[in-house]
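Thank you all for coming.

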Amino acid sequence: MILYGALSPVVDGSWRRSWGDMVFSGFKILGLVATVAYLAGVAPAVITTPGMMPFLFEKLVMNLGLIVPIGAVGLSFLICYGLIEFCSVFLEPVMRRIWRTPGYSAVDAVASFVGSYSIGLLITNRMYLTRSYSFRQAVIIATGFSTISVTFMVVVAKVLGLLPIWNYYFWSTLIVTFAVTAITARIPPITWYDDSTETPQDDAVARHGYLKSAVDAALMRVEENPAFLRLLWENVKDGLKMTSVILPTGVSVGLLGLLLSAYTPVFDWLGLIFYPLLSLLQVPEAMVTAKAMAAALAEMFFPTGMLTDAPMMSRYLFGVTSVSGILFFAGSIPCILATEIPIRVPHLVLIWAIRVFLSIPLGVLAAHLAPIAM
């Protein structure tokens, strides 16, 4: 899949379309080179240490290489047989009012939390391509709902020693994440994006009520489907295509982020932007916590090791922001870049920084309301 993803832009000439295509085609080639060198045992020691290529292969390549194609099969049943349309009728008023997204997006959020952000992004991409989501809505969903799954949150909580307050940690993180999304949906850079869609809005609910409107919308979706095997193949093909883009880009971009984090002071400098707020809110070991938050942009899991001996409040706050920040170079960012949503990397980094800034005071408030002293 990495070989196909790296060479297909060269074979079909798509690398020439724009400077962005040239850059990302270059990243894909670098990802292929790094992968071949690693598997052949000729890669330099700097990228074969446990926290570099072995980590990326285990956590990114192997997981997403299986999850996305297999998830694409399940996607046929999740989005093509009326579930999204049925749920959207009931959830439309809530999602529009709070997060400025269609009711469909509630299924995206659930798919990410109970499954994988890659599956959530696969849904988002499909809905964007059918113009059910506008550019702005797709960005809100991709950067606001596509967070790590519950199972990975358990791992984070275990390393940070938060399992004794797991229920509180989980629900408070969920609330902080979606509260931050409600805010970012109303401020730049997200408000700069086009918000037009081709999905007609009607007053079916007013005419027929919620239940009948939901059933009618679901049945209409089913009637529009092509033959089952064709539908299944289209979703699997999309899943394989997305996988072939995610993997080489994820290897190169993720490896670059990890190398910058391990061998340069870039993320130490980046952490300085969070330090004043953490210090103002009297978070213990504010500088170490700020550096861990910044390093989470490269990979959201490995900075947990920086805080294993920190006070409970610092560990809890990082546990919250590592999830609510959503975006990181070793996972979600390559997945977003693999979709057709035309968002640029600088904007993704800006959205991540805004999300972390907003998460800090909300996380500190939640820490003070926790059932145990922090």
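I will go through aromatic pairs, then one arginine, and then a surface patch.

What you see is a predicted model, in which local features need pLDDT of at least 70 and side-chain atom pairs count only at pLDDT 80 or more, while totals for chains, interfaces and linings use all residues. Residues are numbered from 1 along each chain as its sequence is written, and side-chain values use heavy atoms, with hydrogens and water left out.

Let me begin with the rings. A search of the whole structure finds 17 aromatic pairs, where rings of Phe, Tyr and Trp (its six-membered ring) pair if their centres lie within 6.5 Å, and planes under 30 degrees apart count as stacked, over 60 as edge-to-face and the rest as tilted. The rings of F77 and Y81 have centres 6.2 Å apart and planes at 25 degrees, so this pair is stacked. F77, at 46% relative accessibility, counts as partly exposed, and Y81, at 33%, also counts as partly exposed; here buried means under 20% relative accessible area, exposed over 50%, and partly exposed in between, with a 1.4 Å probe and protein chains only.

W99 and F145 form an edge-to-face pair, with 6.0 Å from centre to centre and 80 degrees between the planes. This pair links distant parts of the chain, 46 residues apart, since W99 is in helix 5 (residues 83-99) and F145 is in the loop between helix 8 (135-144) and helix 9 (150-159); helices are DSSP runs (H or I, at least four residues), numbered from the N terminus. Are these two residues buried or exposed? W99 is buried, with a relative accessible area of 14%, and F145 is buried as well, at 2%.

Now to the arginine. R355 sits in helix 19 (residues 345-368) and, at 0% relative accessibility, counts as buried. Which residues does R355 touch, not counting those up to four places away in sequence? They are T143, G144, T177, V180, T181, T184, S324, G325 and I326, with contact meaning heavy atoms within 4.5 Å. The side chain of R355 also reaches the backbone oxygen of T177 at 3.1 Å.

Last, the surface. L3, L7, V10, V11, W15, W19, M22, I29 and V33 make a nonpolar surface patch of about 890 Å². The elements that give two or more residues to this patch are helix 1 (2-12) and helix 2 (19-40). M22 lies in helix 2 and, at 32% relative accessibility, counts as partly exposed.

Key. Polar contact = N/O pair within 3.5 Å; in protein donor to acceptor, adjacent residues only side chain to side chain. Patch = residues over 30% accessible without salt bridge, like charges linked within 9 Å, V, L, I, M, F, W, Y side chains within 5 Å. Areas by Shrake-Rupley, 256 points an atom, 1.4 Å probe, with all protein chains shown as cover. Salt bridge = Lys/Arg side-chain N within 4 Å of Asp/Glu carboxyl O.
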